[in-house]
Amino acid sequence: MLVEIIENFGAKIIKIIESVGRIMIFFLTGTANIFVLPFQFAKIIDHTWFIGTKSMFVIALTGFFTGMVLGLQGYYSLLKYGSEAALGSAVAMTLIRELGPVFTAIMITARAGSAMAAEIGVMRISEQIDALKTMHISPVRFLFTPRIIASIISFPLLTALFNIFGLLGGFVSGSLMLGINKYVYMDTVISSVSVNDITGGFYKASVFAVVVTTICCYQGFYTHLFKEFGARGVSLSTTNAVVQSCIFIFISDYIITFFLV
Amino acid sequence: MTNPFIQFTDIKKSFGTNSVLKGVNLSLYRGEIIAIIGKSGTGKSVLLKHIIGLIEQDSGKLLINGTPLKQLSFKDKRNFQKTLSYMFQDNALFDFMNIYDNISLPLVENSNFPKDQIEKRVFTQMKQLGLTGIENKFPAQLSGGMKKRVALARALVTDPQIVLFDEPTAGLDPVRKKNVHLMIQEYQEKFGFTAVIVTHDIPEIFNISQRIALLDEGIIRFEGSKEELFNSQSKILNSFIKGENF
């Protein structure tokens, strides 16, 4: 009985170590291939279009409503202390430092990350990845490398878009709906935000790009290792990709914030 | 007969507790069409995947021109693998690419040919296989037979020396099956590649194969010419050919 428990525990630990090793090799192979000629410009543009351009609407929309909620909540919280004039500052700092990068990464995970995992997962179960190998094409270079570059380009830009629409949302709820002077709102936004806040947000967005893309592509790529096969395996890898990406976004957010503050 | 080009010697392969290949011995010769027959799930595709490098044996040797594959230098191994082409059972065409991109992919990614030369080769291949005019279509828009021909075009566009066919006629009607067989024979005669065909198409496959190998319960039960096959007194072989349980 005890031996069995220890064996099972040991097997789980070995499995985790194997997974960590596999994901590290996957990540390093993919990133090393960024510098291998020929550059995959067409594929990078294609994926930037999918991850970046096609996410713009949903990012702008969520950014706008996040800003509106922040404006609304912030106004009534600050009102208690008679500091409602600082609403612009509160909205800007919260968005640019924290919510912008984190919410953008979560929204891209939901929209593009899940699609990456599902697409690569289907390629795995339909032997398309094996077909690449038989044609002497590195599947990691072909599937992962262009996506990670596209993500590193897209995430910071989408974060900036989220921030702009968030500030606009805060302006609509704080100034237009609750009556804070629009010049005061804009002035506090501009005066409170430093260049370091903006670059810090972009650092976070870049790290999230790497985290999300690596996890989502990895989950799809190794779909065949799940106990469930076929469509169920793909559904499992997609779910895992989204859940793990979100968890690691929050973990890495804390770590980066710890070093930035 | 000349020395074997590829030789399996006592190849064993297991997946977990499931022992699939239990000591396979088989020789493949240059320029021949060899059919590997056997019941479903006996490891025919696994055997084929050893040659292309998708699966590695647990024990035994895979010899290439007499040298174990594992002992070849990285460069020699890569050069050997570049002479191979593989046609998958379910075609494994890329859904997100059109037919032209599917066929040209191995050339685009691996060759130094200029764009116009790649285009010329792809269109020549498409014309030879009766695929003219569908270059902008996607795999999902094609019939089963057309997809097979696209997969064959992709397999042949690099002028391989060995083409491995994993059940090339699976899911096709008898007329299309015959067409695919004839197509393989015609191209094999034309280009002189070695064709290794894993199939269930008995007796049709005997019309185009020079040699036949029967894989049963993880070992090769028979390896020889058509004449030897039909003259064989082996119960297993005769039962299999007649479609009886054995």
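How many helices and strands does chain A have? Chain A has 10 helices and 0 strands (DSSP runs numbered from the N terminus: H or I of at least four residues for helices, E of at least two for strands). This is a predicted model, in which local features need pLDDT of at least 70, side-chain atom pairs count only at pLDDT 80 or more, and totals for chains, interfaces and linings use all residues. Residues are numbered from 1 along each chain as its sequence is written, and side-chain values use heavy atoms, without hydrogens or water.

**Overall**
- The C-alpha atoms of chain A fill a box of roughly 65 × 55 × 35 Å along the principal axes.
- Buried residues make up 46% of the 261 residues (buried is under 20% relative accessible area, exposed over 50%, partly exposed in between; 1.4 Å probe, protein chains only).
- Of contacts (heavy atoms within 4.5 Å) between residues at least 6 apart in sequence, 85% join residues at least 24 apart.

**Helix α8(A)**
- In α8 (residues 182-192) of chain A, the buried residues are A:Y185, A:T188 and A:V189.
- These fall within an arc of 100° seen down the helix axis, so they line one face (the arc is that of the directions from the axis to the C-beta atoms).
- A:Y183, A:D187, A:I190 and A:S191 are exposed on the other side of α8(A).
- Cover for the buried residues of α8(A) includes α4 (87-125) and α7 (145-177) of chain A.

**Helix α10(A)**
- A:I251 sits in α10 (residues 230-260) of chain A.
- A:I251 is partly exposed, at 41% relative accessible area.

Definitions and conventions:
Chains lettered and ligands numbered in written order.
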